[in-house]
Amino acid sequence: MELIQKYFPNLTAEQQSQFAALYALYHDWNAKINVISRKDIDNLYEHHVLHSLAIAKAIHFREGTRIMDFGCGGGFPGIPLAIMFPECSFKLIDGTAKKIRVCNEVISAIGLKNVTAIQQRGEEEKELFDFIVSRAVMPLPDLTKIVCKNILKKQQNSMPNGIFCLKGGELQSEMRPFKNIVEKTELSVWFKEEWFKEKYLIYLPC
């Protein structure tokens, strides 16, 4: 929790309480339903919560912004972002029912009112959003084929509507089709821990 406060010192008391509650909740649910590697669960705040919040370093979503977390797994990046931006609305989708169960249990336990989590494939999604967010779900060309249909044309934020993806490793081949518009930012520009080296936030306007 100290790690979150280090990089986001202006959290409200409610936000601090919600972030603090995630540790016990994910430890408990992960013992029942494995949504985070058991070797990695003790790194929850650095590898999952703070990693998700890299998107909050790139953009401050304006009130009323609608965001979909595509392939949310156990709720990342959607749940940390929903805590960070309580005046925005979030929809989390994943094809695996047990992962959505964990999301809904966590959402309920910390009292988040701005999130829904549904078992659903992206191809089935009909709603429109300002932004799509994801964590290493699939290569960027495949992702755009599924979700660009869900992006609103009307703009209300400081950046054009589009996709934010958290990824690592070699990305040149999947970025090549979008070379003139895609942006890649290494997370170490925001977070100084060693783990964030060679991990990136990809932004693609749609």
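Are Glu 174 and Lys 167 buried or exposed? In this predicted model, both Glu 174 and Lys 167 are buried. Their side chains meet in a salt bridge, with N to O at 3.1 Å.

**Salt bridges**

A search of the whole structure finds eight salt bridges. The table lists some of them, including the pair above.

| Salt bridge | N to O distance |
|---|---|
| Glu 127 and Lys 91 | 2.8 Å |
| Glu 174 and Lys 167 | 3.1 Å |
| Lys 197 and Glu 194 | 3.5 Å |

The side chains of Glu 127 and Lys 91 are joined at 2.8 Å, N to O. Glu 127 has a relative accessible area of 32% and is partly exposed. Lys 91 has a relative accessibility of 8%, which is under the 20% cut-off, and therefore counts as buried.

In the pair Lys 197 and Glu 194, the side chains meet at 3.5 Å, N to O. Lys 197 is partly exposed, at 44% relative accessible area. Glu 194, at 58% relative accessibility, counts as exposed. Elsewhere, Arg 66, Lys 91, Glu 125 and Glu 127 form one network, joined by salt bridges that share partners.

**Helix α7**

Helix α7 spans residues 140–147, and its buried residues are Leu 140, Leu 143, Thr 144, Ile 146 and Val 147. Around the axis they cover an arc of only 165°, so they lie on the same side of α7. An α-helix has 3.6 residues a turn, so residues three or four places apart point the same way. The buried residues of α7 are covered by elements that include the strands β1 (66–70), β4, β5 (162–168) and β7 (199–205). Helix α8 (172–175) is also among the elements that cover them.

**Lys 99**

Where is Lys 99 placed? Lys 99 is in helix α6, which runs over residues 97–110. With a relative accessible area of 25%, Lys 99 is partly exposed. Leaving aside residues up to four places away in sequence, Lys 99 touches Val 35, Gly 73, Gly 74 and Asp 94. Pro 177 is 78 residues from Lys 99 in sequence, and the two are 32 Å apart in space, C-alpha to C-alpha.

How values were computed
Residues numbered from 1 in each chain as written. Predicted model: local features only at pLDDT ≥ 70, side-chain atom pairs only at ≥ 80, totals over all residues. Heavy atoms only, no water. Salt bridge = Lys/Arg side-chain N within 4 Å of Asp/Glu carboxyl O. Buried < 20%, exposed > 50% of the residue type's maximum accessible area, 1.4 Å probe, protein only. Helix = DSSP H or I, 4+ residues; strand = E, 2+ residues; numbered from the N terminus. Arc of directions from axis to C-beta. Contact = heavy atoms within 4.5 Å.
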